[in-house]
Amino acid sequence: MKRKHKGLDGSKRAVQAQLSNEGLRPKKSLGQNFLTDQSVLSDIVSAAQLTEESCVLEIGPGMGALTKELAQEAKKVVAVEIDTSILPVLEKNLQAFDNVTVINQDILKVDLDALFDEQFGNNSVKVIANLPYYITTPIVMKLLESKRISSIVIMIQKEVAERLAATAGTKSYGAITPAVQYRAEVFYVRDVSPECFHPVPKVWSSVIELRLLKEAPVFVQDEKHFFHLVHGAFCQRRKTFLNSAGSYPQLGADKETLRQVLTEMGLDENVRGESLSIEQFARISNALVEKKS
Ligand code: SAM
(Lines give C-alpha, C1' and ligand atoms only; values in the text may rest on other atoms or scores of the structure.)
Protein backbone atom coordinates (compact mmCIF):
# COMPACT_ATOMS: atom_id res chain seq x y z
CA MET A 1 0.00 0.00 0.00
CA LYS A 2 1.94 3.03 -1.28
CA ARG A 3 0.71 6.46 -0.25
CA LYS A 4 0.75 9.59 -2.38
CA HIS A 5 3.50 12.15 -1.91
CA LYS A 6 1.96 15.60 -1.41
CA GLY A 7 2.89 18.99 0.10
CA LEU A 8 6.35 20.49 0.64
CA ASP A 9 8.66 19.61 -2.26
CA GLY A 10 11.76 19.53 -0.09
CA SER A 11 13.65 22.18 -2.03
CA LYS A 12 15.50 24.91 -0.20
CA ARG A 13 13.19 27.61 -1.52
CA ALA A 14 10.06 25.78 -0.44
CA VAL A 15 11.46 25.20 3.06
CA GLN A 16 12.41 28.85 3.43
CA ALA A 17 9.04 30.01 2.10
CA GLN A 18 7.09 27.78 4.42
CA LEU A 19 9.08 28.84 7.46
CA SER A 20 8.60 32.49 6.68
CA ASN A 21 4.86 32.05 5.95
CA GLU A 22 4.47 30.53 9.39
CA GLY A 23 6.61 33.23 11.03
CA LEU A 24 9.23 30.65 12.06
CA ARG A 25 13.01 30.70 12.10
CA PRO A 26 15.18 27.58 12.37
CA LYS A 27 16.26 27.18 16.01
CA LYS A 28 20.00 26.75 16.31
CA SER A 29 19.62 25.70 19.94
CA LEU A 30 17.57 22.66 18.79
CA GLY A 31 19.96 21.71 16.00
CA GLN A 32 17.42 22.65 13.32
CA ASN A 33 19.09 22.17 9.96
CA PHE A 34 16.39 20.99 7.60
CA LEU A 35 17.23 18.59 4.79
CA THR A 36 16.54 20.04 1.38
CA ASP A 37 18.18 17.48 -0.90
CA GLN A 38 16.06 14.72 -2.41
CA SER A 39 18.99 12.39 -3.14
CA VAL A 40 19.99 12.40 0.53
CA LEU A 41 16.42 11.66 1.61
CA SER A 42 16.27 8.78 -0.90
CA ASP A 43 19.60 7.36 0.28
CA ILE A 44 18.51 7.43 3.93
CA VAL A 45 15.28 5.64 3.12
CA SER A 46 16.91 3.02 0.92
CA ALA A 47 19.59 2.31 3.57
CA ALA A 48 16.78 1.60 6.03
CA GLN A 49 15.35 -1.14 3.75
CA LEU A 50 11.77 -0.51 4.76
CA THR A 51 8.90 -2.82 3.93
CA GLU A 52 5.16 -2.44 4.33
CA GLU A 53 5.56 -4.17 7.69
CA SER A 54 8.18 -1.79 9.08
CA CYS A 55 7.62 0.07 12.33
CA VAL A 56 9.67 3.26 12.42
CA LEU A 57 10.68 5.73 15.10
CA GLU A 58 11.84 9.06 13.71
CA ILE A 59 13.62 11.48 16.03
CA GLY A 60 13.20 15.17 15.24
CA PRO A 61 10.85 15.21 12.22
CA GLY A 62 11.10 19.02 11.98
CA MET A 63 9.04 20.06 8.94
CA GLY A 64 8.50 16.46 7.88
CA ALA A 65 10.73 16.12 4.80
CA LEU A 66 12.06 12.72 5.90
CA THR A 67 8.85 11.72 7.68
CA LYS A 68 6.89 11.81 4.41
CA GLU A 69 9.41 9.55 2.68
CA LEU A 70 9.25 7.10 5.58
CA ALA A 71 5.46 7.16 5.72
CA GLN A 72 5.30 6.15 2.05
CA GLU A 73 7.35 3.01 2.65
CA ALA A 74 6.60 1.86 6.20
CA LYS A 75 3.60 0.49 8.00
CA LYS A 76 3.72 3.06 10.77
CA VAL A 77 5.93 6.01 11.72
CA VAL A 78 6.09 7.51 15.20
CA ALA A 79 7.90 10.86 15.13
CA VAL A 80 9.12 12.50 18.35
CA GLU A 81 9.65 16.26 18.07
CA ILE A 82 10.56 18.58 20.95
CA ASP A 83 9.68 21.87 19.21
CA THR A 84 6.03 22.72 19.83
CA SER A 85 6.14 25.74 17.51
CA ILE A 86 6.95 23.64 14.44
CA LEU A 87 4.06 21.19 14.94
CA PRO A 88 1.47 23.11 12.86
CA VAL A 89 3.85 23.04 9.84
CA LEU A 90 4.63 19.39 10.44
CA GLU A 91 0.97 18.46 10.69
CA LYS A 92 0.17 20.40 7.51
CA ASN A 93 2.94 18.62 5.61
CA LEU A 94 1.82 15.22 6.86
CA GLN A 95 -1.90 15.56 6.34
CA ALA A 96 -1.91 13.13 3.40
CA PHE A 97 -0.66 10.31 5.64
CA ASP A 98 -2.73 8.32 8.08
CA ASN A 99 0.14 6.19 9.34
CA VAL A 100 2.15 8.86 11.21
CA THR A 101 1.83 9.70 14.90
CA VAL A 102 3.62 12.82 16.11
CA ILE A 103 4.64 12.98 19.76
CA ASN A 104 5.67 16.34 21.18
CA GLN A 105 8.43 15.34 23.62
CA ASP A 106 12.13 15.44 24.33
CA ILE A 107 13.48 12.13 23.02
CA LEU A 108 15.92 11.95 25.92
CA LYS A 109 12.97 11.88 28.34
CA VAL A 110 10.92 9.26 26.49
CA ASP A 111 10.64 5.76 27.97
CA LEU A 112 11.44 4.02 24.68
CA ASP A 113 10.33 0.51 25.53
CA ALA A 114 6.99 1.78 26.89
CA LEU A 115 6.53 3.87 23.72
CA PHE A 116 7.31 0.87 21.51
CA ASP A 117 4.85 -1.37 23.42
CA GLU A 118 2.13 1.25 23.11
CA GLN A 119 2.71 2.16 19.45
CA PHE A 120 4.10 -0.98 17.85
CA GLY A 121 2.97 -3.91 20.03
CA ASN A 122 5.80 -6.44 20.07
CA ASN A 123 7.21 -5.66 16.60
CA SER A 124 10.85 -4.71 16.26
CA VAL A 125 11.57 -1.09 15.48
CA LYS A 126 13.80 0.74 13.01
CA VAL A 127 15.04 4.15 14.07
CA ILE A 128 15.65 6.64 11.27
CA ALA A 129 16.64 10.25 11.80
CA ASN A 130 18.49 13.33 10.79
CA LEU A 131 19.62 13.85 14.38
CA PRO A 132 19.96 17.13 16.26
CA TYR A 133 23.77 17.18 16.48
CA TYR A 134 24.01 18.80 19.92
CA ILE A 135 22.74 15.58 21.55
CA THR A 136 24.02 12.89 19.17
CA THR A 137 25.94 10.91 21.80
CA PRO A 138 23.22 10.69 24.48
CA ILE A 139 20.63 9.76 21.82
CA VAL A 140 22.82 7.03 20.30
CA MET A 141 23.68 5.61 23.74
CA LYS A 142 20.01 5.62 24.70
CA LEU A 143 18.95 3.84 21.49
CA LEU A 144 21.61 1.18 21.98
CA GLU A 145 20.12 0.33 25.39
CA SER A 146 16.81 -0.76 23.87
CA LYS A 147 16.44 -4.42 23.03
CA ARG A 148 13.51 -3.65 20.69
CA ILE A 149 15.47 -1.79 17.99
CA SER A 150 16.79 -3.82 15.05
CA SER A 151 18.58 -1.07 13.13
CA ILE A 152 19.34 2.62 13.24
CA VAL A 153 19.95 4.79 10.18
CA ILE A 154 21.06 8.25 11.21
CA MET A 155 22.60 11.36 9.80
CA ILE A 156 25.17 12.75 12.19
CA GLN A 157 28.19 15.03 12.09
CA LYS A 158 30.86 13.43 9.86
CA GLU A 159 33.47 13.64 12.60
CA VAL A 160 31.22 11.71 15.00
CA ALA A 161 30.43 9.11 12.32
CA GLU A 162 34.17 8.56 11.90
CA ARG A 163 34.47 8.10 15.66
CA LEU A 164 31.72 5.46 15.73
CA ALA A 165 33.29 3.49 12.89
CA ALA A 166 36.92 3.90 14.01
CA THR A 167 39.39 1.13 14.72
CA ALA A 168 41.74 1.07 17.72
CA GLY A 169 44.95 3.00 17.21
CA THR A 170 43.45 5.66 14.93
CA LYS A 171 42.91 9.34 15.74
CA SER A 172 39.12 9.12 15.61
CA TYR A 173 38.91 6.33 18.21
CA GLY A 174 37.22 7.55 21.41
CA ALA A 175 35.12 6.36 24.35
CA ILE A 176 32.03 6.07 22.20
CA THR A 177 33.78 3.73 19.72
CA PRO A 178 34.03 0.55 21.84
CA ALA A 179 30.78 1.51 23.62
CA VAL A 180 28.88 1.52 20.30
CA GLN A 181 30.74 -1.43 18.77
CA TYR A 182 29.84 -3.51 21.82
CA ARG A 183 26.18 -3.26 20.80
CA ALA A 184 26.16 -2.69 17.04
CA GLU A 185 27.91 -3.14 13.75
CA VAL A 186 28.54 0.21 12.06
CA PHE A 187 28.10 0.72 8.29
CA TYR A 188 28.92 3.88 6.42
CA VAL A 189 26.25 4.99 3.91
CA ARG A 190 27.38 8.37 2.51
CA ASP A 191 28.74 11.83 3.25
CA VAL A 192 26.47 14.85 2.99
CA SER A 193 27.61 18.36 2.11
CA PRO A 194 26.47 21.35 4.21
CA GLU A 195 24.71 22.68 1.09
CA CYS A 196 22.06 19.97 1.44
CA PHE A 197 20.51 21.74 4.46
CA HIS A 198 18.70 24.92 5.35
CA PRO A 199 20.24 26.68 7.15
CA VAL A 200 23.69 25.56 5.94
CA PRO A 201 25.63 24.06 8.89
CA LYS A 202 29.36 24.62 9.43
CA VAL A 203 30.21 20.93 9.25
CA TRP A 204 29.90 18.00 6.84
CA SER A 205 27.55 15.19 7.80
CA SER A 206 27.45 11.44 7.20
CA VAL A 207 24.68 8.89 7.07
CA ILE A 208 25.50 5.68 8.89
CA GLU A 209 23.66 2.51 9.74
CA LEU A 210 23.98 0.73 13.07
CA ARG A 211 22.82 -2.89 12.97
CA LEU A 212 22.17 -4.00 16.50
CA LEU A 213 23.91 -7.21 17.49
CA LYS A 214 21.92 -10.05 19.01
CA GLU A 215 25.01 -11.06 20.95
CA ALA A 216 27.89 -8.92 22.17
CA PRO A 217 31.08 -9.38 20.11
CA VAL A 218 33.16 -9.96 23.27
CA PHE A 219 32.47 -11.63 26.61
CA VAL A 220 31.97 -9.08 29.38
CA GLN A 221 31.32 -10.19 32.95
CA ASP A 222 29.81 -6.91 34.17
CA GLU A 223 28.51 -4.54 31.45
CA LYS A 224 28.24 -1.54 33.77
CA HIS A 225 31.87 -1.99 34.79
CA PHE A 226 32.93 -2.36 31.13
CA PHE A 227 31.25 0.96 30.22
CA HIS A 228 32.84 2.70 33.25
CA LEU A 229 36.24 1.36 32.17
CA VAL A 230 35.79 2.66 28.62
CA HIS A 231 34.70 6.10 29.85
CA GLY A 232 37.47 6.17 32.45
CA ALA A 233 40.09 5.37 29.81
CA PHE A 234 39.16 8.47 27.80
CA CYS A 235 38.05 10.92 30.48
CA GLN A 236 41.47 12.61 30.41
CA ARG A 237 42.41 12.19 26.78
CA ARG A 238 45.98 13.42 26.93
CA LYS A 239 46.88 11.01 29.73
CA THR A 240 47.84 7.37 29.55
CA PHE A 241 45.18 4.73 30.14
CA LEU A 242 46.60 4.15 33.61
CA ASN A 243 46.43 7.79 34.70
CA SER A 244 43.06 8.46 33.10
CA ALA A 245 41.20 5.31 34.24
CA GLY A 246 43.04 5.33 37.59
CA SER A 247 41.55 8.69 38.48
CA TYR A 248 37.99 7.90 37.33
CA PRO A 249 36.03 7.44 40.56
CA GLN A 250 33.13 5.41 39.09
CA LEU A 251 35.57 2.68 38.08
CA GLY A 252 36.80 2.20 41.62
CA ALA A 253 40.21 0.80 40.62
CA ASP A 254 43.50 2.29 41.83
CA LYS A 255 46.52 2.71 39.58
CA GLU A 256 48.41 -0.15 41.19
CA THR A 257 45.65 -2.66 40.44
CA LEU A 258 45.34 -1.35 36.89
CA ARG A 259 49.13 -1.61 36.42
CA GLN A 260 49.04 -5.22 37.63
CA VAL A 261 46.28 -6.10 35.16
CA LEU A 262 48.13 -4.46 32.25
CA THR A 263 51.31 -6.36 33.15
CA GLU A 264 49.43 -9.67 33.42
CA MET A 265 48.02 -9.04 29.94
CA GLY A 266 51.47 -8.21 28.53
CA LEU A 267 50.51 -4.57 27.84
CA ASP A 268 52.81 -1.59 28.27
CA GLU A 269 51.88 0.48 31.32
CA ASN A 270 52.11 3.64 29.15
CA VAL A 271 49.45 2.37 26.74
CA ARG A 272 46.77 4.92 25.77
CA GLY A 273 43.03 4.33 25.70
CA GLU A 274 42.87 4.87 21.95
CA SER A 275 45.20 1.91 21.34
CA LEU A 276 43.04 -0.57 23.22
CA SER A 277 40.69 -2.73 21.18
CA ILE A 278 37.23 -3.70 22.38
CA GLU A 279 38.62 -7.20 23.16
CA GLN A 280 41.34 -5.68 25.35
CA PHE A 281 38.85 -3.46 27.18
CA ALA A 282 36.69 -6.53 27.83
CA ARG A 283 39.68 -8.52 29.16
CA ILE A 284 40.83 -5.67 31.42
CA SER A 285 37.31 -5.18 32.75
CA ASN A 286 36.84 -8.91 33.42
CA ALA A 287 40.22 -9.10 35.19
CA LEU A 288 39.34 -6.10 37.42
CA VAL A 289 35.94 -7.60 38.28
CA GLU A 290 37.67 -10.90 39.17
CA LYS A 291 40.11 -9.09 41.45
CA LYS A 292 37.26 -7.34 43.27
CA SER A 293 35.32 -10.53 43.98
N1 SAM B 1 14.03 15.66 10.19
C2 SAM B 1 14.11 17.04 9.78
C3 SAM B 1 14.89 17.13 8.48
O4 SAM B 1 15.63 16.18 8.18
O5 SAM B 1 14.78 18.13 7.79
C6 SAM B 1 14.74 17.92 10.86
C7 SAM B 1 16.10 17.49 11.35
S8 SAM B 1 16.89 18.67 12.40
C9 SAM B 1 18.59 18.27 12.10
C10 SAM B 1 16.69 18.01 14.03
C11 SAM B 1 15.27 18.01 14.57
O12 SAM B 1 15.30 17.48 15.91
C13 SAM B 1 14.63 19.39 14.72
O14 SAM B 1 13.33 19.35 14.21
C15 SAM B 1 14.61 19.66 16.22
O16 SAM B 1 13.56 20.50 16.64
C17 SAM B 1 14.46 18.24 16.76
N18 SAM B 1 14.96 18.06 18.14
C19 SAM B 1 15.97 18.72 18.75
N20 SAM B 1 16.15 18.27 20.00
C21 SAM B 1 15.24 17.28 20.19
C22 SAM B 1 14.91 16.43 21.29
N23 SAM B 1 15.59 16.50 22.44
N24 SAM B 1 13.89 15.55 21.16
C25 SAM B 1 13.19 15.48 19.97
N26 SAM B 1 13.45 16.27 18.91
C27 SAM B 1 14.46 17.14 19.00
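1. Which residue in S4 is the bridge partner of Val77? It is Val100. Strand S3 (residues 76–81) and S4 run parallel, and five bridges join them. Strands here are DSSP runs of E, at least two residues; helices are runs of H or I, at least four residues; both are numbered from the N terminus. Two strands pair if DSSP finds at least two bridges between them.

2. On provenance: this is a predicted model, in which local features need pLDDT of at least 70 and side-chain atom pairs count only at pLDDT 80 or more, while totals for chains, interfaces and linings use all residues. Residues are numbered from 1 along each chain as its sequence is written, and side-chain values use heavy atoms, with hydrogens and water left out.

3. The sheet is open and mixed, with seven strands in the order S4-S3-S2-S5-S6-S9-S7. Strand S4 (100–104) and strand S7 (184–192) are the edges; each has a single partner strand, so one side of each lacks a neighbour in the sheet. From one strand to the next, the twist averages 20 degrees.

4. Helix H2 (residues 38–48) packs on this sheet. H2 touches strand S5 (125–130), strand S6 (149–157), S7 and strand S9 (205–212). Contact means heavy atoms within 4.5 Å. The directions of H2 and S7 make about 160 degrees. Axes are lines fitted to C-alpha atoms, for helices over the stretch in contact; angles run from 0 to 180 degrees between N-to-C directions.

5. Gln49 lies in the loop between H2 and strand S2 (55–59). Gln49 is not a glycine, yet has a positive phi of about 45 degrees. Gln49 counts as exposed, at 56% relative accessibility. The classes are buried (under 20% relative accessible area), exposed (over 50%) and partly exposed in between, with a 1.4 Å probe and protein chains only.

6. A cis peptide bond joins His198 and Pro199, with omega about -10 degrees. Pro199 sits in the loop between strand S8 (197–198) and S9. Most peptide bonds are trans.

7. The buried residues of H12 include Ile278, Phe281, Leu288 and Val289. They pack against helix H8 (176–181), helix H9 (223–234), helix H10 (241–246) and helix H11 (255–264).

8. A polar side-chain atom of Gln32 is 2.9 Å from a ligand oxygen atom. A side-chain N or O atom of Asp106 is 2.9 Å from a ligand nitrogen atom. For Pro61, a backbone N or O atom lies 3.3 Å from a nitrogen atom of the ligand.

Terms used:
Polar contact = N/O pair within 3.5 Å; in protein donor to acceptor, adjacent residues only side chain to side chain.
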